[in-house]
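Student: I have a structure open and want to learn how to read it. Can we go through it feature by feature?

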Amino acid sequence: MANYYSDHPEIAFHLNHPLMKRIVELKERNYEDAKTYDYAPVDLGDAIENYKQILDITGDVAANIIAPNSESVDLEGPHLENGRMIYASKTFENLDATRKAGLWGVSMPRRYGGLNLPNAVFSMLSEVISAADAGFQNIWSLQSCIDTLYEFGSEEQRQKYIPRICEGEGMSMDLTEPDAGSDLQRVMLKATFDEKENCWRLNGVKRFITNGDSDIHLVLARSEEGTKDGRGLSMFIYDKRQGGVNVRHIEHKLGIHGSPTCELTYKNAKAELCGSTRLGLIKYVMALMNGARLGIAAQSVGVEQEAYNEGLAYAKERQQFGEAIINFPAVYDMLSRMKAKLDAGRSLLYETACYVDIYKCLEDIERDRKLTPEEKQELKKYQRLADAFTPLAKGMNSEYANQNAYDAISIHGGSGFIMEYKSQRLFRDARIFSIYEGTTQLQVVAAIRYITNGTMLNNIKEMASLTPDPSPKGEGSGYTPELEALRQRVIRLIPVYEEALANVKALENQDAQDFLARRLYDMTAELVMSLLILRDATKAPELFEKSANVYVRMTEEDVFGKSAYIKNFKVEDLDSFKN
């Protein structure tokens, strides 16, 4: 029987991440929960086994329920009835299956009914579900909005809402408006305090809201009258049971048809303030968006995997000129690049998720006790790393998902353009990944200060100098001669990258630096991923050595090409590109 987790041992490999021991130690707080909950782990090995069991259950549900339903969901999609969004018929089956499997509220503490899973494991679940149906992954993964309520809401709000999510109720984050897309400072949905009812009232319109008719909404609204920027915005909790919000329209989209994208009208809707006023955008939405961006990275990796699977299977069976097309250099070059992007992108995803886990766990501990000086330093270190790596993980994986889906169609040839083949759906679904929760261009903006101030250069140099841990199979430590040769090739690229970085900064022109930023971003991410995939290959060469070889060659090709472009660029060249 198929299983979207166990069929891909590359996922389980990342449960052995070097930081996982520390993550579990922080997350489980000396395994105190084992005294109260019989399903809580008692040590590291027990925790990892728990994660594997949950992943195995998810892989089974994904392969045998969600994936078989995906075509029907794509064809039917959600629809509108009397101001309410109704999911596609098979989406209800998916929801029922994931609820019965206990796959809701999984990141929440056990005292609220959750499973207390780390972000890295949640990302693995997201990847697996996305491979089965990226549209359903959107609905399911929005449960992560509860993390923001947990972090910034009151204890009363936690006890009121978190158990509902753990039982399988859905969430949405209502940010975008018709005149406020990426520029959320322009949000104008109005929040006014009702003295008589001792509650807030919301009035206005939200647009492009994923899962917009959910049970519990986190809403960005303008609470400070007379303001026009982010300082006048606050975060609110809207409970669908209170009424006051209707679905005016469901968007007809290119892809992810199972994921309803709604336009909502708020008419005097009752709401609760989450946290403090004025911090909605500058603090709470930033936390919400970083979590969402990591979710899109996981969603992207799932589609990267499925696109590769589809391309590989077709190439093995399709005969042309008397032999299978997988034997043609043009095809196996394409497939090797797809697999290398997948493996490197997945490594970047879980590296980032582990950084997030450590600093989020320490923040959570800090709510209960004062951190030691060492813990404070650890928190700052991993928060900086998470902030620097998250836009790389989201941007690169969303682009790789698009590229792999495109290549899967190319391998299928004319058949890939036919609706009865899955490749076309993967291609349609992937297109949004590099747009929502911040376009790739915005990921560049988010990442570029860590690139130009030398933070990422220092990270790359540190990663290049590290000796990997001994192989879990007892095959010794360090790099094999083949992998060491690849590592030296990456090390030789670092001065090339450093020179390109210096050349961009020397231009001393903001427009020119913005123009070249995407090239620096790509080079940075590719060097990071080359070093990560090499590290992975030292521990599991049977899984990653081929991808390491291909990815390093791809990185050489790109770094040399982009550095030459930057070296020969002059500020006056900008005029050539303006229309």
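Student: Which side chain meets Glu498 in a salt bridge?

Tutor: First, keep in mind that this is a predicted model. To read a salt bridge, look for a side-chain nitrogen of Lys or Arg within 4 Å of a carboxyl oxygen of Asp or Glu. Here the partner of Glu498 is Lys461, at 3.4 Å from N to O. The two belong to separate helices: Glu498 sits in α15 (residues 481–506), Lys461 in α14 (residues 455–465). They are 37 residues apart.

Student: Is Glu498 buried or partly exposed?

Tutor: Buried means under 20% relative accessible area, and exposed means over 50%. Glu498 has 32%, so it counts as partly exposed. Lys461, at 36%, is also partly exposed.

Student: What does the salt bridge between Lys422 and Glu306 tie together?

Tutor: Start with the distance: 2.6 Å, N to O. Lys422 lies in helix α12 and Glu306 in helix α9 (residues 280–317), so the bridge joins parts 116 residues apart in sequence. Glu306 counts as buried because its relative accessibility is 4%. Lys422 is partly exposed at 24%.

Student: Where do Glu251 and Arg207 lie?

Tutor: This pair also forms a salt bridge, at 3.9 Å from N to O. Glu251 is in the loop between β8 (245–250) and β9 (261–274), while Arg207 is in strand β5 (residues 199–210). Glu251 is buried at 17%. Arg207 is partly exposed at 29%.

Student: How many salt bridges does the structure hold?

Tutor: The count is 48. Some link up into a network, which includes Glu10, Glu127, Lys339, Asp343 and Arg346.

Student: What is the nearest side chain of opposite charge to Glu437?

Tutor: That is Arg293, 6.1 Å away. Glu437 is buried but has no salt bridge. Find Glu437 in the loop between α12 (422–430) and α13 (440–452). Then look around it. Beyond its sequence neighbours within four places, Glu437 contacts residues including Met173, Met289, Ile296 and Gln443. Arg293 and Lys394 are also among its contacts.

Student: How many cavities of 30 Å³ or more does a search of the whole structure find?

Tutor: Rolling a probe the size of a water molecule over the atoms shows where empty space is left. In this model the search finds 1 cavity.

Student: Which helix gives the most to the lining of the largest cavity?

Tutor: Helix α16 (residues 510–539), with 3 residues. The lining includes Phe13, His14, Arg535, Asp536 and Lys539. By type, the lining residues divide into 2 nonpolar, 3 polar and 3 charged.

How values were computed:
Residues numbered from 1 in each chain as written. Predicted model: local features only at pLDDT ≥ 70, side-chain atom pairs only at ≥ 80, totals over all residues. Heavy atoms only, no water. 1 Å grid on protein atoms, 1.4 Å probe; cavity = no way out; pocket = protein on both sides within 12 Å on 5 of 7 lines; lining within 4 Å. Points joined across faces, edges and corners; volume = space filled by probe spheres on them. Helix = DSSP H or I, 4+ residues; strand = E, 2+ residues; numbered from the N terminus. Nonpolar A, V, L, I, M, F, W, Y, C, P; charged D, E, K, R; others polar. Buried < 20%, exposed > 50% of the residue type's maximum accessible area, 1.4 Å probe, protein only. Lys, Arg positive; Asp, Glu negative; His and termini not counted. Contact = heavy atoms within 4.5 Å.
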